[in-house]
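This briefing covers a single protein chain, grouped by topic. It is meant to be read beside the coordinates.

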Amino acid sequence: MTKTIAVLGTGKIGEALLSGMIRAGWRPADLLVTTRRADRAAQLRDRYGVEPVTNAEAAKRSDTLILAVKPQDMGTLLDELAPYVPADRLIISAAAGIPTAFIEERLTSGTPVVRVMPNTPVLVDEGMSVISGGSHATPAHLHHTEEIFGGVGKTARVPESQQDAATALSGSGPAYFYFLVEAMTDAGILLGLPRAQAHDLIVQAAIGAAVMLRDSGEHPVKLREAVTSPAGTTISAIRELENHGVRAALIAAIEAARDRSRELASGNG
């Protein structure tokens with residue numbers, strides 16, 4: 001972990017990666033950050049002991065550049081970086097919907113690019129980061145990327161052709177759970193529970209269910225069946241969910257997210 005890494009665009013996701021890397025063993029002296037605002041740069045320096053630099057300095061001094069800017073800002077950033085990025089720099093993009101080819105075309109020929117789709121639970125070290133290598137990325141580049149993003153959760157490699165599906169399922173996934181928790185909390189209120197209590201009951205149920213899914217190794221059907229007694233309360237609820245097409249609606253929603261990711265990747269924003 002002696003190589004220098006720069007995080008360009010240190011917003012919420014960028015800062016989460018920065019703090020995760022430090023907890024995982026990277027030295028603050030080996031980490032650089034860039035940000036648009038001087039007060040934000042000072043905040044990051046004071047909080048983590050890292051050095052704020054310009055984008056050009058980051059490109060010159062770093063072995064790995066993590067591009068954590070918004071997708072709409074990527075083209076401008078690459079134009080700024082292009083004169084300073086030699087072909088031996090590893091470029092990691094955490095910008096949703098930006099293909100590796102888009103980045104490769106704007107930098108020195110042969111530059112290795114890795115595309116990553118993290119989700120927001122990286123903010124609490126429980127993220128899922130989906131990783132794809134570009135045409136010049138080696139297994140060593142992918143492993144290095146896994147080391148970085150492994151500090152804020154789990155990682156998975158997929159072919160880049162599957163990134164839109166992974167974005168729909170994992171990148172947007174937390175929002176689907178928040179939506180369900182919101183609806184279930186409203187149901188609790190309808191049934192007479194105070195909002196705060198309904199929220200706490202649902203959140204703990206979600207945490208417990210997630211841990212059981214992760215740790216038991218059981219298929220979700222088996223775990224659901226263990227709660228579903230004959231002629232009981234749960235089967236009555238499941239019947240209503242099926243009658244209202246909840247399963248089909250979730251599948252259609254995730255397909256719609258996949259299609260929108262494809263549109264963004266093609267530049268139809």
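A pocket here is an open set of points on a 1 Å grid over the protein atoms alone, with protein on both sides within 12 Å along at least five of seven lines, and its lining residues have an atom within 4 Å of a point. The model is predicted. The chain has 269 residues, 38% of which count as buried, and its secondary structure comes to 12 helices and eight strands.

**Second largest pocket**

- The second largest pocket has a lining of 29 residues, and Gly9, Gly11, Ala68, Val69 and Lys70 lie nearest its centre.
- The space in the second largest pocket is about 700 Å³.
- By residue class, the lining of this pocket divides into 11 nonpolar, 11 polar and seven charged residues.
- Helices α1 and α4 (74-81) each contribute at least two residues to the lining of the second largest pocket.

**Overall dimensions and contacts**

- Taken along the principal axes, the C-alpha atoms of the chain fill a box of roughly 70 × 40 × 35 Å.
- Among contacts in the chain with a separation of 6 or more, 61% are between residues 24 or more positions apart.

**Nonpolar cores**

- In soluble globular proteins, nonpolar side chains tend to be buried together.
- The largest nonpolar core in this chain has 25 residues, and Met21, Ile66, Ile92, Val114 and Ile148 are those with the most contacts inside it.
- At least two residues of this core come from each of β1 (5-8), α1, β2, α2, β5 (90-93), β6 (113-117) and α6 (139-149).
- Helix α1 supplies the largest share of this core, four residues.
- Another core, of 20 residues, lies apart from the largest one and includes Ala6, Leu32, Val53 and Ile91.
- Leaving aside neighbours within four places in sequence, Ile148 is in contact with Ile5, Met21, Trp26, Thr64, Ile66 and Ile92.

**Helix α2**

- Arg40, Ala41, Leu44 and Tyr48 are the buried residues named in helix α2 (residues 38-48).
- Seen down the axis of α2, its buried residues fall within an arc of 105°, so they line one face of the helix.
- Ala38, Asp39 and Asp46, on the other side of α2, are exposed.
- The cover over the buried residues of α2 includes α1 (12-24), β2 (31-34) and β3 (51-52).
- Gly49 follows α2 and has a positive phi, near 75°.

**Ser129**

- Strand β7 (residues 127-133) contains Ser129.
- Ser129 has a relative accessible area of 1%, so it falls under the 20% cut-off and is buried.
- Not counting residues up to four places away in sequence, Ser129 touches Val116, Met117, Pro118, Val122, Phe149, Lys154, Thr155 and Ala156.

- Most residues other than glycine have a negative phi.
- Asp125 is not a glycine, yet its phi is positive, about 60°.
- Asp125 sits in the loop between β6 and β7, and at 31% relative accessibility it counts as partly exposed.
- Ala231, also a residue other than glycine, has a positive phi near 55°.
- Ala231 sits in the loop between α10 (220-227) and α11 (233-243).
- Ala231 has a relative accessible area of 81%, which is over 50%, so it counts as exposed.

Definitions and conventions: Residues numbered from 1 in each chain as written. Predicted model: local features only at pLDDT ≥ 70, side-chain atom pairs only at ≥ 80, totals over all residues. Heavy atoms only, no water. Buried < 20%, exposed > 50% of the residue type's maximum accessible area, 1.4 Å probe, protein only. Arc of directions from axis to C-beta. Contact = heavy atoms within 4.5 Å. Core = buried A, V, L, I, M, F, W, Y, C linked by side-chain atoms within 4.5 Å. 1 Å grid on protein atoms, 1.4 Å probe; cavity = no way out; pocket = protein on both sides within 12 Å on 5 of 7 lines; lining within 4 Å. Points joined across faces, edges and corners; volume = space filled by probe spheres on them. Nonpolar A, V, L, I, M, F, W, Y, C, P; charged D, E, K, R; others polar.
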